[in-house]
Amino acid sequence: MASTIIHMAITGRLLQTTAFRDPDRLMLGSILPDASLAGRNTGHMKIHVGGGDARTLDLDGFRARFGDLMLRDDLYLGYYLHLVEDVLHRRFMYADHGFDPRVPGYVERLHRDYGVTNAHVIEAYGLREDMVKPVDLTGQRILELGGFDIPGLIQTLHGYFRPVPETDALLFTEQMADELICKAVALCETEVAALRRGGIPLSALDWVWGG
């Protein structure tokens, strides 16, 4: 999954190129899956397909459940775009750049690299800690996916704005972060346009991995 800071940067760029009803709800929605109290897989709607080990994120299922809300509430649209960005991130890291989580230490190294590249992304994309504002989710249908620890998410987010001792990235560099953000913005722009005009949206089956 992409880092919270990467998701913020993508959303920030989308707000510059595409009109939305409520930028604050879009921004919160775009990182809300990372606050899931039901677990990372549930919050990201990870599913198995084809009866084997093939997996994907349930883009189709999210649209089926919340498609009506996505068109009028940017919290839901932001949540959906987070899933879109994560299936792209999976392909970007594993297929395009050969990341292999089975190599000992690679998962831990990747997460350290996120910390290293955060400083670049924050500066390059003009991110601020106050760009994510809490909202009360009481009674909202997004809770069908489980609870969300928004205060904890914001506290964790603030930590990403603090310097880290390491300066060298190995598996996820600044250049890769810029490339991923550029590709994700373009994909999300296309997806938003398709949703709004009643076009053909992305299919989760086109983003399957494993199996």
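Reply: Contact means heavy atoms within 4.5 Å. Helices (H or I, at least four residues) and strands (E, at least two) are DSSP runs, numbered from the N terminus. This is a predicted model, in which local features need pLDDT of at least 70, side-chain atom pairs count only at pLDDT 80 or more, and totals for chains, interfaces and linings use all residues. Residues are numbered from 1 along each chain as its sequence is written, and side-chain values use heavy atoms, with hydrogens and water left out. In these terms, the buried residues of α4 pack against β2 (55-57), α5 (74-96) and α8 (174-197).

Me: Why is methionine 45 called buried?
Reply: Buried means under 20% relative accessible area, exposed over 50%, and partly exposed in between (1.4 Å probe, protein chains only). Methionine 45 has a relative accessible area of 9% and is therefore buried. This residue lies in the loop between α3 (40-43) and β1 (46-48).

Me: Which residues of α4 are buried?
Reply: They are Leu59, Gly61, Phe62, Arg63, Phe66, Leu69 and Met70.

Me: What makes α1 and α2 roughly antiparallel?
Reply: Axes are lines fitted to C-alpha atoms, for helices over the stretch in contact, and angles run from 0 to 180 degrees between N-to-C directions. Angles under 35 degrees count as roughly parallel, over 145 as roughly antiparallel, 65 to 115 as roughly perpendicular and the rest as oblique. Helix α1 (residues 4-17) and helix α2 (residues 23-31) pack at about 150 degrees, with axes 9 Å apart; the pair is therefore roughly antiparallel.
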